[in-house]
Amino acid sequence: MTSKEGTLLLSLRAIRDSLLVPVVPQIQVTLGCNFGCSYCFQDHRSREMIDPGIAALILAKCARYNGARLRRSGRATVEVYWHGGEPLLAGLEFFREMLRVQAGFPGVSFCNHLQTNGSLLSDDLAQFLVEQRFQIGFSLDGSPEINDRQRRMKGAGESAFEATWRGIQNFRRYVPNGRVPVIAVITRESVTRPKELYAFFKELGAQVQLDIYDLRCADLRSGRGSVLFHQAPAQDEIRDFLIELFDLWFHDPERRVDFKELQDELDGVLKPVRYFPNPLHKKRCHLGRTIFDPKGVVFACDQYVNDPATAIGDIRRDSVAAIMRRKAAEWDRVKRVIRRSPVAMACQTCEWGSSCRGGCLTCLKYNSMLLDARAKGLPDDHWPMASVAEPLRQLAGETYYCDALRALRDHIRREVRRELAKDDGR
């Protein structure tokens, strides 16, 4: 078998295997938002809301797709992520209607997730979502002073923190003893304040997902060149932040706050053969996670929703199987082009390379080449003939923060050994 034939065989296997992966729909209920956060990558000028009929079609096609391929013990599962913009702009009746649609598939279990800034979470909405077992996540970056530096309400005198806090209090009425689920974006505004962040989230009793600000496709379109990293913390800043945050959490006997990624990093050190299901960077790279915009147009990543030319289908005319095949084929091509040289991607020689699964640089390099191809007048499918932007060319890992993550994992290993040695000495 020639090298070319071997590559083709691997590609065909990747596409075949993709059809065994359940689709995980992320439904952008609207691209509109009542917040204007400094780091957001979406264009929120449109207030268009998804038509309930399109949302119902997405649910129906995904239910049938997963049901036909992945039914076990008589039931299949569809994990649905309701996103935006701000999905609660759709209102309570919209989500009631979506549950009625889901009830029409008695052989399928739906697990609904909803990410919100919380400002529109009224008491009625909170009661409904909790009773219907929606997994709610609040976007909150920390204390008022930290949060409101980068998260702002549009056209209102109220601070973003106050608006989100009001929604969290409504949520807590119906989950009085539970953790408050939070996604916190870490930027240059907060990276030097791990103690303050830890104390705040501990007092809140939060379950925190860390979203460390990396690069965005929007940055590639801005022409900023060398200032591409204007909000991304430096390598050493993230290294020091993660290590200090881990120590605060790991050595705190009260453990009144959870950091899912830190727990996974700890598990990864204790059981290195398992991969990291929740890497510290960009969890949307799972092959099944598929983005549906308010019109039903489909994207491989929500960073692409501002660029219709990167769409991989339309739920109004395409089957989920066709969309997933197209996604797998394009992702396989991206990997083969971008990762063809060990110099381009360092994962092959990294101790954690087979387990980390984190990062967005492969896709960002692809996006950079796509934009360069367009600038040169080439068709989109000729992007492999284009060049990677210089700031990205210098990065060899799967994330800008590979060195910081390696330092964190080495530190965790030392801390675990130190604790085990204390136990042995007792």
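In this predicted model, helices α11 and α12 stand roughly perpendicular to each other, because angles of 65 to 115 degrees count as such and the two helices pack at about 90 degrees. Helix α11 covers residues 320-338 and helix α12 residues 361-375, and their axes lie 10 Å apart. On the α11 side, the contact is formed by W331, V334, V337 and I338, and these meet T362, C363, K365, Y366 and M369 of α12. By residue class, this contact comprises seven nonpolar residues, one polar and one charged.

Helix α11 also takes us to the sheet, as this helix lies across β8 (289-292), β9 (297-299) and β10. Relative to β8, α11 runs at about 115 degrees. The sheet itself is open and holds ten strands with mixed pairing, in the order β7-β6-β5-β4-β3-β2-β1-β8-β9-β10. Its edges are β7 (258-259) and β10 (313-314), each of which pairs on one side only.

Another helix, α9 (residues 235-250), lies across β5, β6 (206-212) and β7. The direction of α9 is at about 165 degrees to that of β6.

Strand β4 spans residues 135-139 and strand β5 residues 180-186, and the two pair in the parallel sense over two bridges. Here S139 has I183 of β5 as its bridge partner.

How values were computed: Residues are numbered from 1 along each chain as its sequence is written. This is a predicted model: local features need pLDDT of at least 70, side-chain atom pairs count only at pLDDT 80 or more; totals for chains, interfaces and linings use all residues. Side-chain values use heavy atoms; hydrogens and water are left out. Axes are lines fitted to C-alpha atoms, for helices over the stretch in contact, and angles run from 0 to 180 degrees between N-to-C directions. Helices (H or I, at least four residues) and strands (E, at least two) are DSSP runs, numbered from the N terminus. Angles under 35 degrees count as roughly parallel, over 145 as roughly antiparallel, 65 to 115 as roughly perpendicular and the rest as oblique. Contact means heavy atoms within 4.5 Å. Ala, Val, Leu, Ile, Met, Phe, Trp, Tyr, Cys and Pro count as nonpolar, Asp, Glu, Lys and Arg as charged, and the others, Gly among them, as polar. Two strands pair if DSSP finds at least two bridges between them.
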